[in-house]
Amino acid sequence: MHPTPESVFTTTVKATTTGPASEATGELDLDAAPILHAALRRALMTGPPGTILIIDLAGVTFCDSSGLNALLLARMAAERAGRTLHLARPSHAVARLLKITGADKVFPVDLDRAPVPHPRAG
């Protein structure tokens with residue numbers, strides 16, 4: 001069975017007015033976790049310490065325990081780098097998982113505001 005376009009996980013990293021942001025789309029599962037880790041490592045290397053790292057989850061269509069674990073590991077990595085990890089616009093699937101696991105209590109979650117691109121960002 002071939003993956004559908006909406007199931008393929010992708011992420012991009014860009015500069016925003018508050019720090020680096022990663023925009024994730026597709027299914028965040030065991031196969032996608034390493035992709036998210038690599039993107040967030042790149043994001044953590046950009047910008048000064050003390051800024052916010054944002055993961056925009058509006059395009060994530062599915063998230064399982066491996067995806068949640070990837071987000072929790074990203075939170076710890078961000079803290080070690082002197083940053084705060086924020087989750088922006090979690091899709092219904094992600095918001096539900098965060099709520100039923102209590103993870104919505106450990107992340108700052110912005111339900112409706114997208115990261116604002118930095119004026120000099122391409």
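Trainee: In this predicted model, which residue of strand 3 does Glu27 stand opposite?
Mentor: Strand 2, which spans residues 19-28, is joined by 7 bridges to strand 3, residues 52-63, and the two run parallel. Within strand 3, the residue that Glu27 stands opposite is Phe62.

Trainee: In strand 2, which residue is the bridge partner of Lys14?
Mentor: Strand 1, residues 10-16, pairs with strand 2 in the antiparallel sense over 7 bridges, and a hairpin of 2 residues joins strand 1 to strand 2. The partner that Lys14 finds in strand 2 is Ala21.

Trainee: Which residues of the largest nonpolar core touch the most other members?
Mentor: Two or more residues are given to this core by each of strand 2, helix 1, strand 3, helix 2, strand 4 and helix 3. Leaving aside neighbours within four places in sequence, Leu57 is in contact with several residues, including Ala24, Leu71, Leu87 and Val94. Of the 26 residues in the core, those that touch the most other members are Leu28, Leu57 and Leu71.

Trainee: Why do the buried residues of helix 3 line one face of the helix?
Mentor: The buried residues in helix 3 are Val94, Leu97 and Leu98, whereas His92, Arg96, Lys99 and Ile100 are exposed on the other side. The buried residues pack against strand 3, helix 2 and strand 4. They line one face because, seen down the axis of helix 3, they fall within an arc of 100 degrees.

Trainee: Which residue with a positive phi follows helix 3?
Mentor: Helix 3 covers residues 92-101. Its phi being positive, near 80 degrees, the residue that follows helix 3 is Gly102.

Key: Residues are numbered from 1 along each chain as its sequence is written. This is a predicted model: local features need pLDDT of at least 70, side-chain atom pairs count only at pLDDT 80 or more; totals for chains, interfaces and linings use all residues. Side-chain values use heavy atoms; hydrogens and water are left out. Buried means under 20% relative accessible area, exposed over 50%, partly exposed in between (1.4 Å probe, protein chains only). Helices (H or I, at least four residues) and strands (E, at least two) are DSSP runs, numbered from the N terminus. Two strands pair if DSSP finds at least two bridges between them. A nonpolar core is a set of buried Ala, Val, Leu, Ile, Met, Phe, Trp, Tyr and Cys residues joined through side-chain atoms within 4.5 Å. Contact means heavy atoms within 4.5 Å. The arc is that of the directions from the helix axis to the C-beta atoms.
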